[in-house]
Amino acid sequence: MEFKLTKEQELIQKTARDFAEKSIEPAIDRIMKEHAIPQEILDGMKELDLLCLPISDAYGGAGAGYQSYVVALEQIASVSPGVAIVISVNCFGLAALEMFGSEELKQRYMSGACRGKHIMSIAMTEPEGADPRLIKTTAVREGDEYVLNGTKRFITACGYEGPIVIFARESDTGQICGFVVEKFCEGYSISEPWEKMGLQGTPMYDVYLKDVRIPASNMLGKLNQGFRILKNSIALGKIGISSIFLGTILAAYEECLKYADERIYLGKPLTQFQYLQGDIVDIAMKYEAARWLAYRLGYLADMNEDKGTIIKDSALTKMFITNTAVDVARTAINIHGSYGLMENYKVSRIWRDTIFGPQTEGTNALLKSVVAMDILKRQK
Ligand SMILES: Cc1cc2nc3c(=O)[nH]c(=O)nc-3n(C[C@H](O)[C@H](O)[C@H](O)COP(=O)(O)OP(=O)(O)OC[C@H]3O[C@@H](n4cnc5c(N)ncnc54)[C@H](O)[C@@H]3O)c2cc1C
């Protein structure tokens, strides 16, 4: 057990921080207005390999592992979680392909997404809900092809060119399977972007599939493996979400330290008020707990050959960090008094971003039921 970053991880952390401060921070107003990531930021992330840190170098990834990924994403998200999301969704899709794609699919699709030529997406949620049992999108086998029809809801980054993994019900078995589709192929279209209250930068749309034809070999894994593929992919996806909301905790912490030091009240800085010191210590304590839990999740993914099996740990980590991020953002606003509610104060943006955490990639209520099943099964 070693609780410290390697030299390489420290370098990745510093590189991500420098990039976030020098390239993303100055563009924040533009990102907020245009609801999109400027091309030069995408290009910069591409050059630094930020879009593919945990993915194996055999398929064009950086091969830096999940611990480095967590450390880097935390820093990017501390400046803009909306930008960090494009990294996490790309790595989410890439991880599903890396774990379950055939060699041919990996060769065809992974290097483009690793190199930033394409951005991957992954689509599970439908208008009825995010529970996989509610999936109605169909994949009907016709000879050597599958024909996909259905609607996917709230899909991140599906307006970028590149592959998207669509989870649909396979016609012969009635089971859920993952299929790789090229965005904007015939029959693929998207809605207007959803107008989110936060996480600006990476838009989210509905995806419409109308008689989309793909080769049967674009299915991930084998028939009857689909549910496992979905669960294991989501487990790795949660590393990204956990790291992003760890980044918002770090941002709130840093904003509070700065503000409490600068703000003079009754002739002295806020840092000298004991009650407020307690609030800051509370944030520091929560940041430490969240940080080590997230780093540990990266470690578990790196150490585990069957990476997707970290299902319980990823759910626990995601729940703890996203709930903690909301608590911390609330305390941070409190420390800022009424200023914290003003648009031009960063903590108000942190609040609007943070509130997304418990709702995304499986609501925390749903995850509790997943973990409960696992824990109670082991008790027997
Ligand atoms: C910014 C953002 C990006 C997203 N990106 C993507 C994406 O790229 N791909 C994708 O597929 N989806 C994406 N989503 C969708 C997101 O993952 C789902 O919306 C989320 O998991 C919640 O599902 P839902 O909206 O269907 O809520 P529902 O599943 O409809 O839940 C409704 C309510 O029921 C509760 N509930 C549901 N199941 C249970 C249970 N078993 N036990 C107790 N309570 C339960 C929930 O907690 C909630 O209160 C994104 C959403 C957002 C906000």
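This report describes the fold, the nonpolar cores and the ligand site of a predicted model.

Residues are numbered from 1 along each chain as its sequence is written. Local features need pLDDT of at least 70 and side-chain atom pairs count only at pLDDT 80 or more, while totals for chains, interfaces and linings use all residues; side-chain values use heavy atoms, without hydrogens and water.

The protein chain has 11 helices and 9 strands, taken as DSSP runs (helices H or I, at least four residues; strands E, at least two). Its radius of gyration is 21 Å, which agrees with the value near 21 Å for a compact globule of 380 residues; the radius is taken over C-alpha atoms, and the globule rule is 2.2 Å times the number of residues to the power 0.38. Buried residues (under 20% relative accessible area, 1.4 Å probe, protein chains only) make up 53% of the chain.

A nonpolar core joins buried Ala, Val, Leu, Ile, Met, Phe, Trp, Tyr and Cys residues through side-chain atoms within 4.5 Å. The largest has 98 residues, among which I24, M45, I76 and I87 touch the most other members. Helix α7 (residues 226-262) gives the largest share of this core, 17 residues. A second, separate core of 20 residues includes Y146, F179, V212 and I214.

Around the ligand are 19 residues (a heavy atom within 4 Å), and M124, T125, F154, T156 and T363 come nearest.

| Residue atom | Ligand atom | Distance |
|---|---|---|
| T125 side-chain N or O | nitrogen | 2.7 Å |
| F154 backbone N or O | nitrogen | 2.9 Å |
| T363 side-chain N or O | oxygen | 2.7 Å |

Taken alone, the ligand exposes 970 Å², of which the protein buries 67%; areas follow the Shrake-Rupley method with a 1.4 Å probe.

Terms used: Buried < 20%, exposed > 50% of the residue type's maximum accessible area, 1.4 Å probe, protein only. Polar contact = N/O pair within 3.5 Å; in protein donor to acceptor, adjacent residues only side chain to side chain.
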